[in-house]
Amino acid sequence: MRTNEEMFKELDEFIEEVNYDEKELIAILHRAQSIFGYLPMVVQSHIAKKLKINVSKVFGVVTFYSFFTMVPKGEFVISICLGTACFVRGSDKILERVEEILQIKNGETTPDGKFSITTLRCVGACGLAPVMTINDKTYGNITPEDVDAILAKY
């Protein structure tokens with residue numbers, strides 16, 4: 001487990017690599033989220049100071065883009081596509097089944113920090129609809145009955 005000091009050092013090295021350029025804010029936020037797992041205000045403030053910009057600008061970007069999160073996510077982030085192709089093929093039922101199994105709702109994390117559920121509008125895999133991802137693994141053409149076995153792997 002890395003310390004906060006090590007994580008901030010890694011972030012600072014990246015900010016230095018991009019020459020403290022405000023135009024690289026989104027790239028910096030992506031890197032920060034990959035380092036810390038989320039973007040708490042302390043990290044946003046740190047980035048603002050390094051870039052010499054107002055923290056409200058950083059906060060505005062973080063809250064505008066749905067990819068960024070200010071709350072910790074679980075070890076396994078389950079994303080269910082609710083885009084048109086997936087929805088008409090039953091992704092809402094996939095979401096219901098995941099929520100039922102994990103006993104949490106969309107946007108929440110299990111008390112043990114193992115799973116988080118999110119929804120999104122498109123993963124770009126419409127031919128596989130309905131689609132669910134767990135971290136970087138994509139599951140396509142799934143049914144609610146498939147969910148139990150998929151989650152059991154994790």
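Predicted model: local features only at pLDDT ≥ 70, side-chain atom pairs only at ≥ 80, totals over all residues.

Modeller: Residues are numbered from 1 along each chain as its sequence is written, and side-chain values use heavy atoms, with hydrogens and water left out.

Biologist: Why does Gln103 count as exposed?

Modeller: Exposed means over 50% relative accessible area, buried under 20%, and partly exposed in between (1.4 Å probe, protein chains only). Gln103 has 64% relative accessibility and therefore counts as exposed.

Biologist: Why does Asn135 count as partly exposed?

Modeller: Its relative accessibility is 37%, so Asn135 falls in the partly exposed class.

Biologist: What is the phi of Gln103, and what is that of Asn135?

Modeller: Phi is near 60 degrees in Gln103 and near 50 degrees in Asn135; both values are positive in residues other than glycine. Most residues other than glycine have a negative phi.

Biologist: Which peptide bond is cis?

Modeller: The bond from Ala129 to Pro130 is cis, with omega near -5 degrees.

Biologist: What makes a set of residues a nonpolar core?

Modeller: Its members are buried Ala, Val, Leu, Ile, Met, Phe, Trp, Tyr and Cys residues joined through side-chain atoms within 4.5 Å. The largest such core has 22 residues, and Leu11, Leu25, Ile28, Leu29, Val43, Ile47 and Val58 touch the most other members. A second, separate core holds 18 residues, including Leu82 and Val147.
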